[in-house]
Amino acid sequence: MTTENLGLFQAMSSKMKYLEQRHRVIAQNIANADTPAYEPKDLKPVDFSTVMKKVTSSQSITPNTTQAGHMVPGGNVADPKQRDQRQVYEVAPAGNAVILEEQILNATENNMDYSLMTSIYQKNIGMIRTALGTNK
């Protein structure tokens with residue numbers, strides 16, 4: 001058995017591929033910062049619940065609640081990052097809508113997410129090695 005067969009590793013690998021593609025899109029936005037009439041692009045965020053449904057096949061995963069006050073009834077928790085796509089609020093005189101500060105923030109956020117995924121991947125490999133008794 002390899003790590004590619006484990007659902008968690010498949011999900012992490014998919015997330016890392018998504019982050020790689022997003023990095024390319026952000027780099028293109030920055031590269032076209034002076035291109036007239038260029039509008040910045042971004043990838044559609046991945047819905048984690050959809051990924052989990054695919055990974056777990058048809059199994060239902062629900063959190064275990066120990067007290068009723070710990071969870072919102074029905075599991076409907078508002079996502080603080082859920083918002084409509086921002087409208088471009090700044091346009092250069094040439095008609096370019098790339099805001100370098102925003103693209104740099106996107107690149108930094110993307111880099112942090114990728115670092116998190118690699119760290120989680122390494123930690124899980126370490127746990128598997130420990131369980132197998134081969135951790136050195």
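**Exercise 1.** At what angle do H1 and helix H3 pack, and how far apart are their axes?

*Solution.* The model is a predicted one. Two packed helices are described by the angle between their axes and the distance between the axes. For H1 and H3 (residues 100-132), the angle is about 160 degrees and the axes lie 10 Å apart. Angles over 145 degrees count as roughly antiparallel; H1 and H3 are therefore roughly antiparallel to each other. Their crossing is left-handed. In the contact of H1 with H3, the residues comprise 16 nonpolar, seven polar and five charged.

**Exercise 2.** Identify the buried residues of H1.

*Solution.* The criterion for a buried residue is a relative accessible area under 20%. In H1, this criterion selects Phe 9, Ala 11, Met 12, Met 16, Tyr 18, Leu 19, Arg 22, Val 25, Ile 26 and Asn 29. An α-helix has 3.6 residues a turn, so residues three or four places apart point the same way.

**Exercise 3.** Describe the chain as a whole by its secondary structure, burial and contacts.

*Solution.* The chain has three helices and zero strands, and from the N terminus the order of elements is α-α-α. Of the 136 residues in the chain, 17% are buried. Among contacts with a separation of 6 or more, 71% join residues 24 or more positions apart.

Terms used
Residues are numbered from 1 along each chain as its sequence is written. This is a predicted model: local features need pLDDT of at least 70, side-chain atom pairs count only at pLDDT 80 or more; totals for chains, interfaces and linings use all residues. Side-chain values use heavy atoms; hydrogens and water are left out. Buried means under 20% relative accessible area, exposed over 50%, partly exposed in between (1.4 Å probe, protein chains only). Helices (H or I, at least four residues) and strands (E, at least two) are DSSP runs, numbered from the N terminus. Axes are lines fitted to C-alpha atoms, for helices over the stretch in contact, and angles run from 0 to 180 degrees between N-to-C directions. Angles under 35 degrees count as roughly parallel, over 145 as roughly antiparallel, 65 to 115 as roughly perpendicular and the rest as oblique. A crossing is left-handed if the near helix is turned anticlockwise from the far one by less than a right angle, and right-handed if clockwise. Ala, Val, Leu, Ile, Met, Phe, Trp, Tyr, Cys and Pro count as nonpolar, Asp, Glu, Lys and Arg as charged, and the others, Gly among them, as polar. Contact means heavy atoms within 4.5 Å.
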